[in-house]
Amino acid sequence: MEIIRYRTSESPAALVGVRDEGRVFGLPGVPSLAALWALPLAGIRQRLREREGDAVPAADVTVLPPVDGRTEVWAAGVTYFTSREARVEESERSADVYRQVYDAERPELFFKSAAWRVAGDGQTIAVRADSVVDVPEPEVALVINRFGEIAGYTVCNDVSSRSIEGENPLYLPQAKIYLGGCALGPAIRPSWEITDPYDLGIEVTIRRDGAVAWHGRASTASLRRKFDDLVGYLMRADIHPDGVVLATGTCLVPPAPFSLADGDVVTVAVAGIGTLTTGVVRGLDRMREAFGRHAG
């Protein structure tokens, strides 16, 4: 079973439903995903059981990014040894910062995106025109309700500029937060359906001109942090009335000097959760055009 945000040819407004065995069921009384995450976990499970009887074929709906309203996207950094080594490699002056945060009790957490800026499956991500080395960062993302309970999991591509962040860690917001820098989806797998979230295979494939330019495979088994620990720090001094999505860090980083290029296609697959595919453009003008098409 998957929770999706979608639209149909008969309803241009975004809907919330459950995709199950090739059919999509609407959820009565659930106007948005944000409204669902305002409920306790038991309430969410109850709403999912109240699906409407009349279903439509899954092939007849357009799946939208699984985040809306006031739900923010945050991210954790340097949670895998691979990520630590990549940050040390790219950093010109501050390699010790990444070694220290990997071993520290307190994790690195940062804001990633507002809901309205997030790209979905089949849509477009971007690399900055003022960046030299840019990579996808495939991650498992937690969907957390307002009470700090993990309600589900989805796939995240935390697109990043290695060259900008490597120049100075204080440039991380510019390396991470921009139009086209975050993709989620295509759906949300309820947390109670995942037996072991620390044994999920993760793969990323980057295709260029029809050929595989880079491919990597790893697992959440190598995650240094526990999901509940990351959630605890995120909720420690803040509130998220409509829930929050938290990307949990990457274990797959293409080696330098590899960089995403205009026209690439990136596929991130997480076993048991889903497969997220996005095209790549370079620069704000190209991304603005793509964003307008998605919004339309």
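Of the contacts with a separation of 6 or more, 74% join residues 24 or more positions apart. Keep in mind that this is a predicted model.

Next, colour by secondary structure. The protein has 18 strands and 8 helices.

Now zoom out and look along the principal axes. The C-alpha atoms fill a box of roughly 60 × 40 × 30 Å. How does the radius of gyration fit a compact globule? For 296 residues, such a globule would have a radius near 19 Å; the protein has 18 Å, so the two agree.

Switch to a surface view. The accessible surface comes to about 12,500 Å². Carbon and sulfur atoms account for 50% of that area. Then colour by burial: 55% of the 296 residues are buried.

Select the charged side chains. There are 40 negative and 32 positive ones.

Now go to a single residue. Select residues 172-176, which form helix H6. Pro173 sits in this helix. Is Pro173 buried, exposed or partly exposed? Its relative accessible area is 41%, which lies between the 20% limit for buried and the 50% limit for exposed, so Pro173 counts as partly exposed.

Draw a line from C-alpha to C-alpha. The distance between Pro173 and Gly292 is 24 Å. Along the sequence, Pro173 and Gly292 are 119 residues apart.

Technical notes. Residues are numbered from 1 along each chain as its sequence is written. This is a predicted model: local features need pLDDT of at least 70, side-chain atom pairs count only at pLDDT 80 or more; totals for chains, interfaces and linings use all residues. Side-chain values use heavy atoms; hydrogens and water are left out. Helices (H or I, at least four residues) and strands (E, at least two) are DSSP runs, numbered from the N terminus. Buried means under 20% relative accessible area, exposed over 50%, partly exposed in between (1.4 Å probe, protein chains only). The radius of gyration is taken over C-alpha atoms; the globule rule is 2.2 Å times the number of residues to the power 0.38. Contact means heavy atoms within 4.5 Å. Accessible areas come from the Shrake-Rupley method with a 1.4 Å probe; for residues, only the protein chains shown count as cover. Lys and Arg count as positive and Asp and Glu as negative; His and the chain ends are not counted. The place of a charge is taken as NZ of Lys, CZ of Arg, CG of Asp or CD of Glu.
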